[in-house]
Amino acid sequence: MKTPEKHIGKPMNRVDGRQKVTGAATYSAEYELPGLVYAVLVGSTIAKGRLTGIDTKAAAGAPGVLAVVTHLNAPQTPGSKPTGKDPSQPQTTGSALRIFTDDQIRFNDQPIAVVVADTLERARYAARLVKGQYAPEKHQTNLEAGKAQAFLPTSAKKNPKSPMNDYQRGQADAYKTGAIKLEQEYVIPTEVHHPMELQAITAHWEAPDRLTLYDKTQGTMATRRDFAKEWGLPEENVKVIATFVGGAFGNALHSWPHESAAIIAAKVANRPVKLMLTREQMFTMVGYRPHTWQKVRMSATADGKITAITHESIGQTSTYEEFTESTLAQTRMMYQSPNLTTRYRLAALNVGSPIWMRGPGEATGAFALESAMDEMAYLLKLDPLEFRLRNYTEQDPETGKPWSSKFLKECYRLGAERVGWNQRQLAPGAVRDGDWLVGYGMGVGTFGAHRGSSKASARLLPNGTVLLQSAVTDIGPGTGTAMTQIAADTLGLAPAKIRFEWGNSDFAQAPTQGGSAIVNTVGPAVQEVCLALKDKLRELAGAGNAAFASAKKEDVIFADDHLTLSGNDTARASYADLVKQAGGTAVTVQSKPNGENGQKYSMYSFSVHFAQVRVHVLTGEVRVSKLVSCADAGTIINEKTAGNQMKGGAVGGIGMALMEHAIIDDRFGRYVTKDLADYHVPVHADAPDIQVAFVNQPDPYVNALGTKGIGEIATIGVAPAIANAVFNATGKRVRELPITPDKLV
Amino acid sequence: MNQFQYVRPTKAQAAIDAVAKDANAAFIAGGTNLVDLMKRGVMTPQKLVDINRLPLRQIERVGTGLRIGALALNSAVADDRLVREKHPLLALALNAGASPQLRNMATVGGNMLQRTRCAYFYDVAMPCNKRQPGSGCGALEGINRMHAIFGFSDKCIAVHPSDMSVALVALDATVLLSGPKGDRKLAFADFHRLPGTTPERDTNLEPSELITAVEIPDSPFTRHVHYQKVRERASYAFALLSVAAALDLDGNTIKAARLAMGGVAHKPWRLAAAEQALVGQPATEAAFQRAAAVAMQGAKAFKHNEYKLRLGPNAIVQALKTAAAA
Amino acid sequence: MAANPEPDVPANHNENRRTFLKQSSLLTALALVPAPVVSAAEAKLDERVAESIEKVPLSLKVNGKKYKLSVEPRTTLLDLLRENLHLNGTKKGCDYGQCGACTVHVEGQRVNSCLSFAVMHDGQEITTIEGLADGDKLHPMQEAFVKHDGFQCGYCTPGQIMSAVACVREGHAGSADEIREYMSGNICRCGAYSNIVAAIQDVKQGGQKV
């Protein structure tokens, strides 16, 4: 008997690769439905005030127009009725802004109408004919001005255990008495997710009380829940399909106004409706990484031991929703500082709501923390890597718990070696190559290793193949591929005989894809459902063959589409026969929901990024010439897709460091960066050949697979690595991102 | 986008007549800027005259110069053997612009006629004198980090975004035009205009006039040339500013020089005084710095583009250094 | 080549013509019908007439298949492919020529299909991602993208592949740096750039016909 081939850890090609390279992958605006019509949103042109009137006559009379919906004629849904809540208490993250319910304008480009027409061109034209009249009020879109009214999030006020509360260990603000002190402010601008796929939804009322949505969402079940609630429908009457999602990076973690608008439009027009946002609208109504001010004060002993850190943050949110993120989490647990203070505040502005963007919060916080670490190392005349090693934590200083696993030192070693850290000069501006200054920098990232609750279903079909289903989405990391590998190893089946289906809210319960938690969460569910399927098969085999019934569990071998028994050459039951035996159609099992595994350990993924940059002495242009990302992310299921995800996160970090900034003209409260020509994201020429190294050691506690998650740590820490390298190259410390040439000349 | 009439003549005269007949008609060639502006409601022609089938794609020797048809694609010009041999600066500038796909669509004439990328011009909900005369200049007191440091007016501080035009103005090109009143020639330097009180007019084209070709006289600037474009990412971005530099060297002595900047004014900005300052000088960084200082005389910054006063001279020096070493 | 023999006669007739038609032939034709029906029918007929007048004929060859179409001049090539021909492989990522997701080949050259009107391509040959493979056999560039994992979410992928094929054909795939420059018109927000460059180099070095 041969040992079944192992698939976990192998660089298997993606299961949906062929669809993606042939154009056959279907995204949410690409479903052909009979009678499909087009919806286009009309946005407000003021940031705050009231709609005093809205002229829809010309639009309604334009050729091909089927409906023009505004707050004056929109159907009121159960979910849009006032809840009686105190309006001065904005909602916490997760609830969509109800649209077309009142005349209030809360941000610029807020949808004030949706136009439905028989063709896209006609809908777009008619949308231009809708004119709002406004009673504007004084708006505030400037974070610097909004800081004066910054407040503790309501979630923290209500819940003393909320991590958004002020945190204190040791003495408060003890940096004041430290030997060597540092006090600096750091700012990141608003950054926008900008997945390549414009946010799109196709809404289809299949019956007056049955709704199907083909939607760009990271969570089919969350979207189903939101819109079932909005329309007062039982959840099973709403189906959400998101088989292919053209990137999201967090911006499809939330239900947004355009989704509500499309569903309303489909109801009013009584036709399936397709709505795709414009690139301008991607800035205003589907979230962003919020403009954030931070201050870090740090003290250390002359021999490089941190004695105190105080880290404060004020992030922007909207006036109707309190968006919070874990900006200060990394500061509390990364370094061994006996005295540590963090304070998190929000500033509510007349803007759309933010939403978590790749490495949410932590990426913002890490820019400040890891820049400050570099600044302190410089003050101490210490190598920044050595400084970090002197303050390395062997257990979580925030909770006092041991780490479930931590191989960050191994990451440091791998990365330093690959980038050539020994070439780094302590003195900035010391290395020049022609017209370019060369520098090295590092930045550390971490993100909680979470395991959520999930189920999976498995069906053995008569042809001996297994169909697995999960409501989870795959926004690009290769979830479907990883799950197939996990199932293949658990079942002893070739990946080609397994089909993993995802992206449908009718499938087995799964969480929203985000927070680097999917392999940790759905992976074990797939593993468990496969084990349950094997139990069922063993049972069936036992019923047909006494040898199986009396055999010990561990003697039953699952391989090559058959059950066999170790030490028994005659016992043999084919999967296909077992299906027949079970009634002919399939053997079906569903796993139980599982969840977080104990609270005895602090569970985190870790990463370190090393950058080599070149800065032009005259033009101030920065090129990232080397980028090495090393991760302690537990077991790596697929080196190819995981490596790709790490590289992608690094490219996101290059964008954050060097070019991404959405700018509002505060006089109008409107973005002047309105498309991808103004809002720069990295192109091919900005990305070096990024090197990735995984420690690839299983975590014993997060889940049975040993995984910890990759998506966030791929980005967290990259921006400060680059900023630190720019300092090393030039001696110029840029504390407000992005590091554009104007800041260096 | 509004509906429009669409005609596709095959003769230049028919195209000119088709535009002349209609107050709100426009030519369309590559469409890479016009289609974009029409989608956003910034430009709303009622009639489009598609000139892509006019015979204006030739690149040929004419007398002691090179004539490039107005419909020659940016990619075709950049790859053309004659262009690379006689005017490598033009090929460099073209390849610094846009992306391969856009260069396969954009024409020489259309590239010259690009509108500004000023955000206030693009957003119909904000004021812009260029888009809507009398509505005010949004950039003047607004976000103006991309804006002009030369030749602006209090009506408009936008910049012209073309890279190709910066090279053409440096190379003393001439624009060939055909219009209802016949054919004429215009020095490239006089083609684009400064905003003054009428920023709605980008160029000195007469109504219904069609660009038929650009002519570039032969010059000694066939080797020591460079197009230095400074942008916020490594490729596929409009310039913060750019410099076209060309030197004619005798040993290490500068016999003649050409210098022009992009991204600093409402038109490609020729730096004649700086050119003069270089003649007879040795090709050294010190001489380049002196010329750069001359070039920047009269520059004035706004709230967010003060960096251009530092970046400008640096980019000039870098362009000249690279050109000299080429 | 011209669609209309008389160049100054619009391919889609002007507003006057439309008004004229509406006022003459249509109303004459409807004169014998009872009044309430007239108004309803007129509205519909007017719509139909308007549609036929506003549209222009267009012949295209897409992926080897000939199409005889009638389209509004304002329909972009991208929207025609996606919304009318249901060739959804070509993606809309920005609609302004700033991302490259809509890259197709027109007469063998890569272009952004979002920035040109479909009518401008009358008589031309278009190739989209759906037309790249030879039946079930993937194009070498498609194979290489799968092998090197040159994508994540897959949305920019058709544009990247169409651009990559052109990049090799144009002779701009000589080095990794040259590939990066000549692929910079195709944005991948997932950041799979290293893998895309590896895929292109593999195809280029493999020497297969692209």
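Q: How many salt bridges are counted between chain C and chain B?
A: Two. Keep in mind that this is a predicted model.

Q: What makes the pairing of R8(B) with D122(C) a salt bridge?
A: Their closest N and O atoms are 3.4 Å apart. The cut-off for a Lys or Arg side-chain nitrogen and an Asp or Glu carboxyl oxygen is 4 Å, so R8(B) and D122(C) qualify.

Q: How many residue pairs are in polar contact between chain C and chain B, and what does chain C bring to that side?
A: The count is 17 residue pairs, with both partners at pLDDT 80 or more. On the chain C side, β4 (109-112), α5 and α6 each supply at least two residues. The largest share comes from β4(C), with four residues. Sorted by class, that side of chain C has 18 nonpolar, 17 polar and nine charged residues.

Q: How do you know which residues of chain C and chain B are in contact, and how many are there?
A: The test is heavy atoms within 4.5 Å. By that test, 44 residues of chain C are in contact with 38 residues of chain B. The area buried between the two chains is about 3500 Å², and carbon and sulfur atoms give 53% of it. R74(C), L115(C) and M120(C) supply 19% of what chain C buries against chain B, more than any other three residues.

Q: What is the area buried between chain C and chain A?
A: About 4800 Å², with 51% given by carbon and sulfur atoms. In chain C, the residues that lose the most area to chain A are Q152(C), R189(C) and Y193(C), together 17% of what that side buries. In terms of contacts, 54 residues of chain C meet 62 residues of chain A.

Q: Why is R122(A) with E72(C) called a salt bridge?
A: The closest N and O atoms of this pair are 3.8 Å apart. That is within the 4 Å limit, so the pair counts. Across the interface of chain C and chain A, the rule finds eight salt bridges. Polar contacts there come to 36 residue pairs, both partners at pLDDT 80 or more. Six helices of chain C give two or more residues to this side, namely α2 (35-54), α3 (77-84), α4 (140-147), α5 (157-170), α6 (176-182) and α7 (193-206). Among these, α7(C) gives the most, with five residues. By class, the side of chain C that touches chain A has 20 nonpolar, 16 polar and 18 charged residues.

Q: What makes up the secondary structure of chain C?
A: Seven helices and five strands. Along the sequence they follow the pattern α-α-β-β-α-β-β-β-α-α-α-α. Of the 210 residues in chain C, 58% are buried. Among contacts with a separation of 6 or more, 55% are between residues 24 or more positions apart.

Q: How does the span of α17(A) compare with what is expected for its 20 residues?
A: This helix covers residues 639-658 of chain A and reaches 28 Å from its first C-alpha to its last, close to the 28 Å expected at 1.5 Å a residue. At its start, a side-chain oxygen of N638(A) comes to within 2.8 Å of the backbone nitrogen of K640(A). The limit for a polar contact is 3.5 Å, so that pair falls inside it.

Q: What makes the link between the side chains of H226(B) and Q228(B) a polar contact?
A: The distance is 3.0 Å, against a limit of 3.5 Å. Beyond four places in sequence, H226(B) is also in contact with several residues, including L89(B), L92(B), V243(B) and T322(B).

Q: How far apart are C137(B) and K155(B) in sequence and in space?
A: They are 18 residues apart in sequence and 5.7 Å apart in space, C-alpha to C-alpha. C137(B) lies in the loop between α8 (119-122) and α9 (164-170) of chain B. Not counting residues up to four places away, C137(B) touches N129(B), D154(B), K155(B), C156(B) and I157(B).

Methods. Residues are numbered from 1 along each chain as its sequence is written. Chains are lettered from A and ligands numbered from 1 in the order in which they are written. This is a predicted model: local features need pLDDT of at least 70, side-chain atom pairs count only at pLDDT 80 or more; totals for chains, interfaces and linings use all residues. Side-chain values use heavy atoms; hydrogens and water are left out. Buried area is the accessible area (1.4 Å probe) that two parts lose on being put together, summed over both. A polar contact is a pair of N or O atoms within 3.5 Å; within protein, one must be able to donate a hydrogen and the other to accept it, and residues adjacent in sequence count only if both atoms are side-chain atoms. Ala, Val, Leu, Ile, Met, Phe, Trp, Tyr, Cys and Pro count as nonpolar, Asp, Glu, Lys and Arg as charged, and the others, Gly among them, as polar. The expected span of a helix is 1.5 Å times one less than its number of residues. Buried means under 20% relative accessible area, exposed over 50%, partly exposed in between (1.4 Å probe, protein chains only).
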